[in-house]
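Have the model open as you read.

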Amino acid sequence: MPRFKGAVEFRFDEVISEGSQASQGLGTSDLERLIVLSPTTEVPRVSWKRTTLAVEPREGWQPNRVYRIELRPGVMDIRRNRLDSGAVVTFTTGAPLPTLRLRGSVVDWQAGHMARPGMIEAILLPDSLPYRTLTDSSGSFSFGPLPRGTYLVYGVIDQNKNLRRESRDNWDSVRVQPDSEQVAVLWAAPHDTLGPRLQSVSPADSTAAELTFSQPIDPYQEFDSTNARVRLLPDSTPVPVVSLLPKSIDDRIQSDLRKAADTTRSALDTSRSAALDSARASAAERLKSGGRPAQKDSSNAILATRPVLTDRMVLRVGTVLKPGAKYQVEVRGIRNVSRVPADSRSLLTIPETPPPSPADSVKGVSPDSTKPDSIRGRPDSVPAPPKP
């Protein structure tokens with residue numbers, strides 16, 4: 001249709017409702033959210049009259065283009081009955097008929113699940129014509145027909161649901177060549193030009209502090225004691241750093257230590273070194289495998305191919321943190337998902353009542369469980385003989 005004019009119309013057998021928010025050209029009304037018009041950078045004109053929904057680009061139909069108008073499920077009649085299916089209209093204004101269909105999946109990496117839904121923006125190069133659609137409830141998409149060519153495909157977590165990729169949205173991108181229809185998995189994540197900075201530092205136990213950062217950290221970064229520095233205030237006395245690990249990894253190490261511990265304090269002390277080495281090796285293997293147990297369904301199989309994102313780490317020191325004391329905590333070279341590093345520092349305040357030590361938190365072992373009852377200030381556990 002080289003000289004097509006007017007609007008593309010979707011006609012229904014019932015009077016449809018405009019919804020609670022009228023169309024104002026902002027892309028935020030109930031009906032505008034259901035229309036995905038490509039390729040265009042503008043919010044399309046969406047109007048309705050009884051049983052007809054009309055759509056046209058704000059800049060008018062351009063020559064030699066392939067247009068795709070997708071009506072998403074969700075149209076309601078005046079009795080609030082909802083249409084659970086959608087429709088797609090594809091036509092050209094002089095360009096060759098489209099034959100390409102792009103297929104793939106989008107992961108909301110920060111949330112730790114498949115994008116439900118995620119927005120797909122496929123930019124046809126070199127003309128930069130943007131084609132858009134949304135993923136289904138499983139985070140997958142099958143997008144077409146489209147003009148054949150090279151595409152830069154974005155997977156976007158569209159926070160305000162305006163069908164536009166914005167700087168605050170989490171996203172990932174991949175280039176797709178003309179001879180390929182399969183798109184690599186898109187791992188949508190924050191893209192910040194500033195590295196992660198400390199937001200808070202709080203005691204985790206008597207020898208550890210939990211660090212919370214302003215954004216997720218690079219899950220592939222390896223950490224050691226040189227990434228952190230701790231000083232006891234007010235004299236800035238150095239405190240030895242034992243480890244700096246993502247919280248999920250530190251939690252696994254502590255869990256493995258609890259499982260490996262014996263019922264007595266002495267057995268725990270003798271096995272602690274070997275259990276720590278084994279737990280660290282086990283945690284490292286889990287990190288390489290994505291940090292998740294093996295799953296059967298395809299969504300979890302995709303999630304298992306990468307480590308989880310986290311904005312929390314655990315810093316362990318070689319001495320007991322003093323109740324009522326204050327420490328300056330400095331971290332250096334911590335990278336975000338975009339591999340941008342940053343240094344930051346914060347204050348750690350230990351409450352007057354000390355937190356439990358890691359050994360005391362071992363399940364089934366109390367701090368003095370290895371001592372006789374009489375030493376613990378309780379009567380001997382052997383009952384006295386009855387009086388005659």
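Q: What makes two strands a pair?
A: Two strands pair if DSSP finds at least two bridges between them. Strands themselves are DSSP runs (E, at least two residues), as helices are (H or I, at least four), numbered from the N terminus. This is a predicted model, in which local features need pLDDT of at least 70, side-chain atom pairs count only at pLDDT 80 or more, and totals for chains, interfaces and linings use all residues. Residues are numbered from 1 along each chain as its sequence is written, and side-chain values use heavy atoms, with hydrogens and water left out.

Q: Why are strand S15 (198–205) and strand S19 (241–246) said to stand at the edges?
A: The open sheet of four strands runs in the order S15-S16-S20-S19, with antiparallel pairing. S15 and S19 each have a single partner strand, so one side of each is left without a neighbour in the sheet.

Q: What makes H1 a helix that packs on the sheet?
A: Contact means heavy atoms within 4.5 Å, and H1 touches strand S16 (208–213), S19 and S20. The direction of H1 makes about 115° with that of S19; axes are lines fitted to C-alpha atoms, for helices over the stretch in contact, and angles run from 0 to 180 degrees between N-to-C directions.

Q: How does the span of helix H1 (residues 247–260) compare with the one expected?
A: The expected span is 1.5 Å times one less than the number of residues. H1 has 14 residues and reaches 20 Å from its first C-alpha to its last, close to the 20 Å expected.

Q: Why is Arg 80 called exposed?
A: Exposed means over 50% relative accessible area, buried under 20%, and partly exposed in between (1.4 Å probe, protein chains only). Arg 80 has 55%, so it counts as exposed. Arg 80 lies in the loop between S5 and S6.
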